[in-house]
Amino acid sequence: MCLDNQVSSALTEIEVVDVHNHVFPDRVAMRGAESIRDYYNLPLRGDGTLQTLLDDSSAFNVTHIVLCSAALQPQKVHTANEFVAARRTFDSRIVSLGTTHAGVDDQAAVFKQIETTLCLR
C-alpha cells in the first residue's frame, strides 16, 4: 500500500478539527476574505463563503469546523455573534465561537448573550 493510501485511511479513522475560520455573508464574502488577506499578509484561500468552507472541509475529511466571529466595532458585537450562531444550522460539523469588543460597556451582558441566548462557546 502506498503512503498516500495509508494517510487517507488514517484520516477516515480520526477526527480532524479546523480550529480557526471566518466566513462572511455571501454578498460581502470576497471583500471580507481579501481584507483578512491584506491585513495579515496571508495567501487567500477560498472566497469567504460558508459553502466554499464546507466544500473544502469535506474534501479534507474535516469532522469539526470552528467558526470565529469578529466585531471591529462595539455596536457590531451582537450582529457578529448572531451571524456565526446561525451558521450552525447549515452543517452539524460547525462549532461557533462568540466574540466581544473592548469598547462594549456591558461585557457581562455580551457573555450572557453568548452563553444563554445564542448557545455559543
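# Burial, contacts and salt bridges in a predicted model

Me: Why is T99 called buried?
Reply: T99 has a relative accessibility of 12%. Buried means under 20% relative accessible area, exposed means over 50%, and partly exposed covers what lies in between (1.4 Å probe, protein chains only). The value for T99 is under the limit, so the residue counts as buried. The model is a predicted one, in which local features need pLDDT of at least 70 and side-chain atom pairs count only at pLDDT 80 or more, while totals for chains, interfaces and linings use all residues. Residues are numbered from 1 along each chain as its sequence is written, and side-chain values use heavy atoms, with hydrogens and water left out.

Me: Where does T99 lie, and which residues is it in contact with?
Reply: T99 belongs to the loop between strand 3 and helix 5 (107–117). Contact means heavy atoms within 4.5 Å. With neighbours within four places in sequence left aside, T99 is in contact with S69, A70, A71, V77, A80, N81, V110 and I114.

Me: What makes the pair R93 and D91 a salt bridge?
Reply: A salt bridge is a side-chain nitrogen of Lys or Arg within 4 Å of a carboxyl oxygen of Asp or Glu. For R93 and D91 the N to O distance is 2.9 Å, so the pair meets the rule.

Me: Are R93 and D91 buried or exposed?
Reply: Both are buried. For R93 the relative accessible area is 14%, hence the label. R93 sits in the loop between helix 4 (77–87) and strand 3 (94–97). Residues up to four places away not counted, R93 touches L54, S57, S58, V62, T63, H64 and I65.

Me: How many salt bridges does the rule give?
Reply: The count is 3. One of them joins the side chains of R37 and D38 at 2.8 Å, N to O. R37 is partly exposed, because its relative accessible area is 27%. Another is formed by D56 and R45, whose closest N and O atoms are 3.6 Å apart. D56 lies in helix 3 (residues 50–59) and R45 in the loop between helix 2 and helix 3, so this pair ties together parts 11 residues apart in sequence.

Me: Why do D56 and R45 get their accessibility labels?
Reply: D56 has 25% relative accessibility and therefore counts as partly exposed. R45, at 61%, counts as exposed.

Me: Which residues make the nonpolar surface patch?
Reply: Y39, Y40 and L42 make it, with about 410 Å². Patches are made of residues with over 30% relative accessible area and no salt bridge; like charges are joined within 9 Å, nonpolar side chains (Val, Leu, Ile, Met, Phe, Trp, Tyr) within 5 Å. Areas come from the Shrake-Rupley method with a 1.4 Å probe, and for residues only the protein chains shown count as cover. Y39 has 66% relative accessibility, so it counts as exposed. Y39 lies in helix 2 (residues 29–40).

Me: How many helices and strands does the chain have?
Reply: There are 5 helices and 3 strands. Helices (H or I, at least four residues) and strands (E, at least two) are DSSP runs, numbered from the N terminus. The order is α-β-α-α-β-α-β-α.
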